[in-house]
Amino acid sequence: MEKSIFEDKTRWQHFAWAIPIGAVLTILCVLGVATGMEFKDYQWGGKADWKDWLCTMMGGAVGQVVQLLIIWLVWR
């Protein structure tokens, strides 16, 4: 049986911290943040982890949906 993508505690942090970025800014900003964090990991001798990147992008998508919902409610 496969493990969950959220098996590591730090992946939850990637997800959670990306939500306000996506809600206040845009998913494109989250894309830059996620890519930048993985590039930093690569530059510091580690290796980029696509699961961390994916968790960050999923959190940003949730934040973007929240932003669109707020905009829809205000304009309604």
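Predicted model: local features only at pLDDT ≥ 70, side-chain atom pairs only at ≥ 80, totals over all residues.
**Aromatic rings**

W12 and F15 form the pair, and the arrangement is edge-to-face. I noted 6.1 Å from centre to centre and 85° between the planes. I wrote down both values because a pair of aromatic rings is described by the distance of the centres and the angle of the planes.

Where do W12 and F15 lie? I found both in helix α1, which covers residues 9-24. They are three residues apart, about one turn of the helix.

W12 has a relative accessible area of 47%, so it goes down as partly exposed. F15 comes out at 17%, so I put it down as buried; the cut-off for buried is under 20%.

**Salt bridges**

Then I looked at charges, since side chains of opposite charge can pair when their charged atoms come close. How many salt bridges does the structure hold? I got three.

My first entry is D49 with R11, whose closest N and O atoms are 2.5 Å apart. This pair links distant parts of the chain: D49 is in the loop between α2 (27-43) and α3, while R11 is in helix α1, 38 residues apart. D49 is partly exposed because its relative accessibility is 22%. R11 is buried because its value is 7%.

R11 turned up again, in a salt bridge with D52, with the closest N and O atoms 3.0 Å apart. Here too distant parts of the chain are linked: R11 sits in helix α1 and D52 in helix α3, 41 residues apart. D52 has 9% relative accessibility, so I marked it buried.

K40 and D41 make another salt bridge, at 2.7 Å between the closest N and O atoms. Both partners are partly exposed: K40 has 42% relative accessibility, and D41 has 23%.

Which residues do shared partners join into one network? I wrote down R11, D49 and D52.

**Helix α3**

I moved on to Q64, which is in helix α3. Is Q64 buried or exposed? Its relative accessibility is 15%, so I logged it as buried. Leaving out residues up to four places away in sequence, I found Q64 touching G22, A23, L25, T26 and I27.

V66 is also in helix α3, which runs over residues 50-75. At 35% relative accessibility, V66 counts as partly exposed. V66 belongs to a nonpolar patch on the surface, along with V62, L68, I70, I71, V74 and W75. Together these residues have about 720 Å² of accessible area.

**The whole protein**

Last, I zoomed out. I counted three helices and zero strands, in the order α-α-α from the N terminus on. The C-alpha trace spans about 50 × 30 × 15 Å along its principal axes.

I also looked up how much is covered: buried residues make up 24% of the 76 residues. The protein exposes about 5,700 Å², and carbon and sulfur atoms supply 72% of that. For contacts with a separation of 6 or more, residues 24 or more positions apart account for 69%.

Definitions and conventions:
Residues numbered from 1 in each chain as written. Heavy atoms only, no water. Patch = residues over 30% accessible without salt bridge, like charges linked within 9 Å, V, L, I, M, F, W, Y side chains within 5 Å. Areas by Shrake-Rupley, 256 points an atom, 1.4 Å probe, with all protein chains shown as cover. Salt bridge = Lys/Arg side-chain N within 4 Å of Asp/Glu carboxyl O. Helix = DSSP H or I, 4+ residues; strand = E, 2+ residues; numbered from the N terminus. Buried < 20%, exposed > 50% of the residue type's maximum accessible area, 1.4 Å probe, protein only. Phe/Tyr/Trp six-rings, centres within 6.5 Å; stacked < 30°, edge-to-face > 60°. Contact = heavy atoms within 4.5 Å.
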